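User: I've got this one open in the viewer. Can you walk me through it, quick answers please?

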Amino acid sequence: MLVIAGTVPDLDFPLVTGPACLEGDSLKVEGHLIPVLRGTPALVAAAIKTAEVAGNQPPHVILAGDTGRGSGSRLVYQHIVENARSFAETTLTFHYLQPDVDWHNRILMALDALSLPPVRIADAGFMYAAKMSGYAASYDLFTPDVGELAFLADEKAPHPFYTRGFILHRDQSVPELIERAYAHDNAAARLLVKGSVDMFASGEKIHWRIDSPGCEVMEAMGGTGDTITGMASALIASGMDMEKACHMAALANRHAGMLTRPTPATQVAEIVRAIPQALAGL
Amino acid sequence: MFFKKLFGRKKAKASRADRGMLLFDHTSDVIRAENLLKAEGWTIKVMGPPPEIQRGCDLVVEFPLMEQMRILETLKSAKVHPVDVVPVTGPLLSPVDLFHTKDFGEYLMVRAANMKITIEKKSRMIVNISGGGCPDVPFLADQLTGKILEEAPQPREIGHTLCGYALQLAYEEIKRQCL
């Protein structure tokens with residue numbers, strides 16, 4: 001089973017847990033409708049579409065409203081710690097959550113206590129907390145974009161905002177950044193790096209790269225990294241090998257982008273709609 | 001056993017890695033900042049500065065680094081001005097000051113750290129915001145997308161986190177390039 005933990009940009013949105021489905025362009029969870037704009041709703045929507053194509057159960061979500069003060073994130077964190085046993089043998093993807101090292105460590109400790117721990121995937125704010133905590137290597141997969149990879153590669157930076165310039169300058173040398181992230185134990189067991197060239201790496205070894213179909217304008221579109229992580233999570237939860245799942249997700253995301261004939265103004269909901277066709281065409 | 005498993009791991013970093021320090025010239029400013037931020041509900045602590053800090057008075061305010069932008073806006077509105085703000089684990093680090101600009105023809109994108117803002121050149125409408133990982137990013141994107149650059153709320157007015165702060169820098173840079 002895939003479980004996705006994240007936030008929605010609405011301060012009044014309560015903590016909700018349960019299976020998620022799509023109703024038009026909105027997510028539906030426990031009777032709540034959430035527009036799919038970007039962030040965790042985009043990740044969940046991509047995972048739902050992928051699960052449909054693969055014939056699997058829809059993802060289970062843990063969501064709360066948060067606009068940056070962290071209150072919703074803390075509700076999500078608390079729920080995970082208090083219900084840790086229910087995540088045994090699942091695939092657990094952490095997403096847009098307020099980076100909080102103390103809560104991160106509590107979650108890690110609760111999950112480590114399980115005899116059959118979940119597959120752990122982290123992206124966005126929770127990945128920042130995992131790196132800051134020093135326990136990045138406890139994760140099975142991180143899915144950074146190139147800017148976030150530079151942050152992982154900078155052993156001193158507590159957040160991408162503080163990534164040092166001489167490291168940020170190495171955008172064109174992603175393998176160097178990967179090597180540096182592993183050298184300082186700031187990477188998960190595997191990395192799916194999202195960018196103009198997508199790469200999959202483990203322990204400094206780059207397993208594959210994808211650069212076509214090329215779709216440069218997708219860099220400007222909010223949520224296109226979230227859809228890759230959502231698809232990869234759903235495929236991993238279906239039992240697919242992680243390397244193959246990430247390859248399929250990265251490739252399908254490019255094809256889905258091309259199907260929308262995108263401009264820098266295209267919104268991610270259009271990509272989500274194209275995912276079934278993109279996956280079917282692989 | 002669980003503690004051993006977690007804390008026995010290699011290279012655990014201090015749990016204060018997500019904290020920052022506000023530096024002030026005068027102790028009286030430290031006290032004002034402390035009262036103000038506590039009254040607003042933030043978890044903060046007044047303490048002595050680490051040896052690397054060569055400026056400011058003998059006290060600093062430790063605060064949740066992720067919420068740097070909202071905290072600075074709160075202090076600014078009360079006319080309490082820190083002389084510097086630094087991460088606890090890297091007192092010599094400074095915020096990102098590199099911008100990456102990409103011209104898509106009819107559209108222009110500027111990136112600061114992990115945040116990107118894209119406008120349509122002709123209308124100056126913000127058409128997309130991407131990147132980031134803190135929970136105010138989807139909220140900021142929702143509030144800014146579809147608005148004309150000069151009429152959109154500034155990220156610092158409604159954002160909270162360091163991702164919001166990076167977006168503010170990208171916003172200022174794209175505005176500088178367009179005006």
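User: Start with chain B. In what order do the elements of chain B run from the N terminus on?
Analyst: The order is α-β-α-β-β-α-β-β-β-β-β-α-α-α. That is 6 helices and 8 strands in chain B. Bear in mind that this is a predicted model.

User: What does the C-alpha trace of chain B span along its principal axes?
Analyst: About 55 × 45 × 30 Å. Of the 179 residues in chain B, 44% are buried.

User: And what share of the contacts in chain B with a separation of 6 or more comes from residues 24 or more positions apart?
Analyst: 59%.

User: Which domains does the assignment give for chain B?
Analyst: Domain 1 covers 12-87 and domain 2 covers 99-178. Their C-alpha centres are 27 Å apart. Domain 1 of chain B puts 7 residues into the contact, and domain 2 of chain B puts in 9.

User: Now the two chains. How many residues does the contact take from chain A and chain B?
Analyst: 52 from chain A and 50 from chain B. On chain A, the elements giving two or more residues are helix 2 (71-82), helix 3 (101-112), helix 4 (124-133), helix 5 (146-153) and helix 6 (165-168). The chain A side divides into 26 nonpolar, 16 polar and 10 charged residues.

User: Stay on helix 4 of chain A. Why is helix 4 described as largely enclosed by the rest of the structure?
Analyst: Because 10 of the 10 residues of helix 4 of chain A are buried. Among them are F126(A), Y128(A) and K131(A).

User: What do those buried residues of helix 4 pack against?
Analyst: Strand 6 (91-94), helix 3, strand 7 (119-122), strand 8 (141-142) and helix 5, in chain A.

User: Which residue takes a positive phi just after helix 4 of chain A?
Analyst: G134(A), with a phi of about 90 degrees.

How values were computed. Residues numbered from 1 in each chain as written. Chains lettered and ligands numbered in written order. Predicted model: local features only at pLDDT ≥ 70, side-chain atom pairs only at ≥ 80, totals over all residues. Domains from an automatic or database assignment. Contact = placed C-beta atoms within 7 Å. Helix = DSSP H or I, 4+ residues; strand = E, 2+ residues; numbered from the N terminus. Nonpolar A, V, L, I, M, F, W, Y, C, P; charged D, E, K, R; others polar. Buried ≥ 20, exposed ≤ 12 C-beta atoms within 10 Å, placed from the backbone.
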